[in-house]
Amino acid sequence: MTVGALLNKYQKEAEYHTVALLLGELLHCPFLTLSLRRDEELSDSLLQNFYHNYARLRNNEPIQYITGKACFYGLEFSVSPEVLIPRPETEGLIELALQFIPENAKVLDIGTGSGAIAITLKTLRPDIELTATDISASALKIAKQNADFYNCLISFYQTDLYPTTEDSFDLIISNPPYISPSGYAKLDIRIKNYEPKLALLAEENGLIFYRRILKEAKSKLKPEGFIFLEHGDEQRHNIIRLAEISGLETILIKDDLAGYPRYLGFKKS
Ligand SMILES: C[S@@+](CC[C@H](N)C(=O)[O-])C[C@H]1O[C@@H](n2cnc3c(N)ncnc32)[C@H](O)[C@@H]1O
């Protein structure tokens with residue numbers, strides 16, 4: 001069977017583009033140039049791989065786990081079911097934080113997962129010193145692989161939120177787990193069946209990590225230091241209250257591109 005004949009089989013499917021991406025991945029061929037190879041014969045083993053991956057797709061597995069790759073901020077990250085697939089909303093968190101990072105700053109990324117936030121920041125701002133933490137050893141393994149791929153020097157720690165070092169930071173950034181137990185039960189099966197629960201679920205109505213991060217933030221920030229957080233749609237006011245209880249000043253309240261409340265910034269003043 002040729003590339004063109006295989007693609008024609010799926011022409012009418014809603015998932016046509018995803019199918020083409022799967023095939024392009026096996027052929028090491030960018031999606032846009034696939035049409036130039038329509039007459040090429042596909043080997044039996046390649047077809048077998050394709051049908052295997054297609055079955056995974058039909059089983060609602062995210063394409064990023066099938067290909068092992070996810071795009072974030074124009075970079076490609078290795079991903080596996082041990083890490084959350086980095087989301088476009090998180091690119092917005094990076095955009096905002098970038099405006100506040102002083103030169104040669106020390107920055108901490110809490111709950112780094114694939115390393116998407118830390119590595120993107122280090123790539124865009126080689127002057128800064130990055131520390132990244134995660135409680136999951138397997139997530140950190142992927143984050144380190146990604147950091148090595150991009151030649152990023154980042155200090156990774158397996159720990160519960162903050163590193164146990166005496167360091168203090170000019171800026172802390174985090175996209176912690178923030179789905180409440182009731183919200184988790186209602187998640188799309190594409191997420192619930194495949195993405196790590198550890199990366200999503202948060203007790204105390206989704207607020208536990210904000211409470212814990214903000215409680216310690218003042219002692220971990222340098223004077224005039226900043227903390228930037230991504231959060232869920234209905235958490236904004238509770239998080240602002242937690243930050244104010246911890247003695248932090250609210251400096252930024254922003255929605256994401258879809259118009260949902262998503263980002264908060266605080267300052268130690
Ligand atoms: C929502 S994911 C964010 C991953 C990545 N930063 C991103 O934005 O794509 C949250 C991450 O926090 C980690 N995590 C969960 N509990 C933690 C804890 N107590 N301490 C440190 N990291 C934790 C999870 O393993 C997961 O990688």
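Figure 1. Not counting residues up to four places away in sequence, L26 touches L46, N49 and F50. This close-up, like those that follow, is drawn from a predicted model. L26 belongs to helix α2, which covers residues 16–26. With 15 other C-beta atoms within 10 Å, L26 is classed as partly exposed. A further leucine, L47, is 21 residues away from L26 along the chain, and the C-alpha atoms of the two are separated by 9.3 Å.

**Figure 2. The whole protein chain, shown for orientation.** The secondary structure of the chain comes to 13 helices and nine strands. Its radius of gyration is 21 Å, close to the 18 Å that the globule rule gives for 269 residues, so the chain is as compact as a globular protein of that length. Taken along the principal axes, the box filled by the C-alpha atoms is roughly 65 × 40 × 30 Å. Buried residues account for 33% of the 269 residues. Among contacts between residues at least 6 apart in sequence, 65% join residues that are at least 24 apart. The chain is divided into domain 1, residues 3–59, and domain 2, residues 81–267, and the centres of these two domains, taken over C-alpha atoms, are separated by 36 Å.

Figure 3. The backbone of N60 has a phi near 75 degrees, which is a positive value in a residue other than glycine. Most residues other than glycine have a negative phi. From N59 to L27, which are 32 residues apart in sequence, the distance in space is 22 Å, C-alpha to C-alpha.

**Figure 4. L161, a leucine with a positive phi.** Although L161 is not a glycine, its phi is positive, at about 65 degrees. The residue is found in the loop between β5 (154–158) and β6 (169–174). L161 counts as partly exposed, with 18 C-beta neighbours inside 10 Å.

Figure 5. F169 lies in strand β6 and counts as buried, with 23 C-beta neighbours inside 10 Å. When its neighbours within four places in sequence are left aside, F169 is in contact with K106, V107, L108, K220, L221, K222 and G225.

Figure 6. The largest nonpolar core holds 53 residues, of which V107, L171, I172, I173, Y210, I227 and F228 touch the most other members. Leaving aside neighbours within four places in sequence, I172 is in contact with L108, I110, A217, K220, L221 and I227. Apart from this core lies another one, made up of five residues, among them V3, L22, L23 and I63.

**Figure 7. The shell of residues around the ligand.** The ligand is surrounded by 21 residues, and the closest are G111, G113, I135, N175 and A199. The elements that give two or more residues to this shell are α6 (116–124), β4 (129–134) and α10 (197–200). Sorted by class, the shell has 11 nonpolar, eight polar and two charged residues.

**Figure 8. E103 in the loop between α5 and β3.** E103 is found in the loop that runs between α5 (88–98) and β3 (106–110). With 8 other C-beta atoms within 10 Å, E103 is exposed. S174 is 71 residues away from E103 along the chain, and the C-alpha atoms of the pair are separated by 20 Å.

Methods
Residues numbered from 1 in each chain as written. Predicted model: local features only at pLDDT ≥ 70, side-chain atom pairs only at ≥ 80, totals over all residues. Helix = DSSP H or I, 4+ residues; strand = E, 2+ residues; numbered from the N terminus. Rg over C-alpha atoms; globule rule 2.2 N^0.38 Å. Buried ≥ 20, exposed ≤ 12 C-beta atoms within 10 Å, placed from the backbone. Contact = placed C-beta atoms within 7 Å. Core = buried A, V, L, I, M, F, W, Y, C linked by C-beta atoms within 7 Å. Near = placed C-beta within 6 Å. Nonpolar A, V, L, I, M, F, W, Y, C, P; charged D, E, K, R; others polar. Domains from an automatic or database assignment.
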